[in-house]
Protein chains: 2
Amino acid sequence: VAEEMVSAAVSGERFSAVYRVAGPEERARAVAEAICLEQTVELPARLLPPGNVGRDVVGRLEDLSPAPDSAYDARVSFAVETTGGELPQLLNVLLGNVSLMPGVRLIRLEPSPSLLRRFGGPRFGRDGVRRLLGVADRPLLATALKPMGTDSAALARMAFACAMGGIDLVKDDHGLANQPFAPWRERVARCAGAVAEANAATGRRTVYLPTLTAPHAELLERAHAARALGAGGLLVCPGLVGWDAMRTVAADDTLALPVMSHPAGLGPYVLSPASGVSHAALFGQLMRLAGADAVIYPHTGGRFAFTESDCRSIADATAEPMGPVRPSLPVPAGGMRLDRLPELRRFYGDAVVFLIGGDLLGQPDGLRSACERLVAMVSAPGQEVTADGSRTDG
Amino acid sequence: VAEEMVSAAVSGERFSAVYRVAGPEERARAVAEAICLEQTVELPARLLPPGNVGRDVVGRLEDLSPAPDSAYDARVSFAVETTGGELPQLLNVLLGNVSLMPGVRLIRLEPSPSLLRRFGGPRFGRDGVRRLLGVADRPLLATALKPMGTDSAALARMAFACAMGGIDLVKDDHGLANQPFAPWRERVARCAGAVAEANAATGRRTVYLPTLTAPHAELLERAHAARALGAGGLLVCPGLVGWDAMRTVAADDTLALPVMSHPAGLGPYVLSPASGVSHAALFGQLMRLAGADAVIYPHTGGRFAFTESDCRSIADATAEPMGPVRPSLPVPAGGMRLDRLPELRRFYGDAVVFLIGGDLLGQPDGLRSACERLVAMVSAPGQEVTADGSRTDG
């Protein structure tokens with residue numbers, strides 16, 4: 001068979017992935033060498049043709065170093081040509097079949113220059129979102145319109161109250177898709193209109209982000225319809241609609257809308273510590289590479305199981321140097337309450353979006369007033385205003 | 001807030017999902033009740049508005065029963081309207097945020113009649129694929145063109161040899177996307193042409209299935225181009241391009257091509273036994289619902305870690321009654337070798353596609369001859385022909 005193969009030239013540019021592989025060392029090395037084959041040529045080494053298929057196209061184990069928990073970190077490099085310059089195939093090289101191997105976790109991407117240029121990342125990034133909103137120097141605030149089952153008029157009233165109350169980013173709950181309770185187009189028109197009306201009254205620039213959970217063939221059409229109807233951003237769940245759908249929306253110059261990503265469906269990638277993908281690689285690196293300006297994930301202590309160190313690693317990865325790719329905003333969420341704001345602010349500082357959903361709806365003083373209190377809390381330097389509106393002595 | 005909400009009517013049709021939840025019973029019940037809220041309204045129960053949002057839109061715990069390993073099976077029903085009739089949102093209701101909850105595994109779908117009609121499932125199914133191929137009564141055979149790095153002409157020569165040797169389904173390796181080694185359109189044209197030439201010579205109806213790993217906005221265009229170029233089917237990785245991309249391709253009447261699904265990127269959903277999705281629900285039920293005529297998964301004992309019972313559960317789920325949705329063909333793969341054929345046939349019987357990739361390329365008698373031996377092995381009733389071509393006494 002070997003003589004039937006014809007090798008193709010590669011540029012020499014390689015990118016890397018670091019996999020944490022269960023030990024002992026000999027096992028880890030064998031697994032790392034298997035990954036080099038599995039993610040590219042899918043042939044045993046003895047069957048590789050002569051020439052540069054076996055030399056350059058195949059993954060290359062660059063380094064194997066001891067890591068915590070008796071594991072080893074295997075840095076595997078790949079020719080940039082293996083991706084064809086397309087995100088779904090980059091995901092395949094990084095994670096395709098290796099995702100089926102127990103005891104292997106993708107912990108870090110090391111993209112090469114042409115990949116970073118190719119995928120571009122967030123259109124706005126941290127600074128661009130702040131410029132869009134006209135908010136320079138405090139944590140940004142987001143909330144979610146809910147619950148599913150509410151009609152468009154009522155959701156629009158909620159959007160109006162949130163925008164009047166000063167919330168920066170008013171998004172649909174991620175479960176609001178195209179249900180008969182509040183059909184997509186009707187809801188987007190009404191909520192975008194309500195936010196525009198509030199902005200006209202306040203002089204602020206609150207943005208409404210509808211959920212873009214749509215069938216494959218309608219997704220881009222809905223994204224453009226959202227813009228036409230007045231939406232100022234989009235909420236995308238790459239775990240439901242595909243990673244490249246998010247990248248496509250983010251990269252579309254005729255849309256030019258900020259993208260907030262939601263983690264729905266992605267839990268299994270991070271939950272098992274010895275397989276899948278690290279929190280930092282998934283919610284930091286991959287979300288950025290795929291264009292998310294703001295990245296929602298469950299903060300520790302809410303309804304989900306991320307640890308403090310998971311959350312720290314995500315926040316760090318949203319801002320680490322990544323060539324021309326802009327930093328994203330971390331959006332800790334998942335059952336956050338107003339009374340946790342001081343703690344959240346100590347943890348994240350001001351380079352963050354706090355997403356508080358249900359707890360705002362439960363405040364006795366009503367939605368608009370609760371939003372106003374929230375804005376006051378994050379507008380005061382340090383933690384001078386507490387959840388009940390009183391000032392502390394700090 | 002409650003008075004701002006307006007309830008919407010629901011039809012009363014509900015579908016269910018069964019989640020396996022870690023015990024003890026009180027914990028499992030609390031988690032199951034949390035799932036009912038999390039997957040729909042995302043509000044604490046005390047904040048639900050009066051009317052049918054809190055009564056019908058919210059998930060409903062229908063049953064909680066003891067399960068193996070001190071766990072409990074929670075059957076949760078949802079109003080069919082929560083999906084909006086769209087697959088990404090169905091996935092969200094089944095798996096969205098709950099995928100982030102440790103100790104919860106989606107083990108079974110119980111779709112309702114309108115969902116089954118809506119999504120349709122495989123266009124061809126087991127019988128349709130056999131009719132297309134003209135092979136009534138033996139295991140079907142598939143192989144993969146590889147390795148990445150090979151040029152289109154050489155891949156086409158391999159496709160020709162496989163088709164001449166009698167392989168039924170000749171697919172691209174799933175890592176062949178649109179790389180410079182063998183650009184997508186050129187490769188598809190050449191390989192489809194080679195298979196057509198072989199079919200003209202043999203009178204058989206071998207089908208060539210290119211890999212459809214494409215950017216979001218090009219995917220449907222490539223699917224149609226594949227058909228125009230002579231491809232007889234498509235290989236789709238829903239973990240890379242999105243589940244609804246696969247459904248869309250399967251449901252497209254102007255394509256009318258059989259779809260083979262590949263598990264790239266989906267490992268984390270099944271690998272951790274206490275979270276994610278069961279093998280049967282993912283590779284059986286969800287793949288069928290999303291239109292896969294044939295479902296590739298790693299058979300036990302190959303390069304991956306599925307157990308015999310995982311594989312049995314998948315094979316069973318591809319054929320279990322599912323209203324109007326046709327059965328899919330199970331495609332055990334992942335490092336299968338010719339010498340395992342007798343064992344595989346004992347395990348699966350004849351209602352199966354055996355996918356043998358690299359091992360065919362490594363046979364000393366060359367690719368076409370190895371394919372012919374493989375066809376002879378599965379054409380003989382029982383296990384009369386062994387891997388080396390000799391007949392047994394059985």
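Predicted model: local features only at pLDDT ≥ 70, side-chain atom pairs only at ≥ 80, totals over all residues.
In chain B, 5 strands form an open sheet with mixed pairing, while elsewhere in the chain strand 5 pairs in the parallel sense with strand 13 and with strand 6.

**The open sheet of chain B**

- The strands of this sheet follow the order 2-3-1-4-10, and their pairing is mixed.
- Strand 2 (60-67) and strand 10 (276-277) of chain B each have a single partner strand and stand at the edges, so one side of each has no neighbour in the sheet.
- Strand 1 (residues 14-22) and strand 3 (residues 71-79) of chain B are paired in the antiparallel sense over 9 bridges; along this pairing Ser16(B) stands opposite Ser77(B), and Ala22(B) stands opposite Ala71(B).
- Strand 3 of chain B also pairs with strand 2 of chain B, again in the antiparallel sense, over 7 bridges, with Leu61(B) opposite Val76(B) of strand 3.
- Strands 2 and 3 of chain B form a hairpin in which 3 residues lie between the strands, and Asp69(B) in the turn has a positive phi of about 60°.
- Of the 9 residues in strand 3 of chain B, 8 are buried, so this strand is largely enclosed by the rest of the structure.

**Helices across the sheet**

- Helix 3 (residues 87-95) of chain B lies across strand 1, strand 3, strand 4 (104-110) and strand 10 of chain B, and runs at about 40° to strand 1.
- Helix 12 (residues 279-289) of chain B lies across strand 4 and strand 10 of chain B, running at about 40° to strand 4.

**Cavities**

- The structure holds 16 cavities of 30 Å³ or more, and the largest cavity contains about 200 Å³ of space.
- Two or more lining residues come from each of helix 9 (238-241) of chain A and, in chain B, helix 3, helix 9 (238-241) and helix 12; helix 9 of chain A gives the largest share, 4 residues.
- By class, the lining of the largest cavity has 15 nonpolar and 5 polar residues, and no charged residues.

**Helix 5 of chain B and its surroundings**

- In helix 5 (residues 125-133) of chain B, the buried residues are Gly125(B), Arg126(B), Gly128(B), Val129(B), Arg130(B) and Leu133(B).
- These buried residues of helix 5 pack against strand 5 (140-145), strand 6 (169-172), strand 7 (207-209), helix 13 (308-317) and strand 12 (329-333) of chain B.
- Helix 5 of chain B is followed by Gly134(B), which has a positive phi near 70°.

**Strand 5 of chain B**

- In strand 5 of chain B, 6 of the 6 residues are buried, so the strand is largely enclosed by the rest of the structure.
- In a regular strand, side chains alternate between the two faces of the sheet. Here Leu140(B), Ala142(B) and Ala144(B) point one way from strand 5 of chain B, and Leu141(B), Thr143(B) and Leu145(B) point the other way, all of them buried.
- Strand 5 of chain B pairs in the parallel sense with strand 13 (residues 353-355) of chain B over 3 bridges, where Val353(B) is the bridge partner of Leu140(B).
- The parallel pairing of strand 5 with strand 6 of chain B runs over 4 bridges, and Lys171(B) in strand 6 is the bridge partner of Ala144(B).

Note on methods:
Residues numbered from 1 in each chain as written. Chains lettered and ligands numbered in written order. Heavy atoms only, no water. Pairing = 2+ DSSP bridges. Contact = heavy atoms within 4.5 Å. Axes fitted to C-alpha atoms, helices over the stretch in contact; angles between N-to-C directions. Buried < 20%, exposed > 50% of the residue type's maximum accessible area, 1.4 Å probe, protein only. 1 Å grid on protein atoms, 1.4 Å probe; cavity = no way out; pocket = protein on both sides within 12 Å on 5 of 7 lines; lining within 4 Å. Points joined across faces, edges and corners; volume = space filled by probe spheres on them. Nonpolar A, V, L, I, M, F, W, Y, C, P; charged D, E, K, R; others polar.
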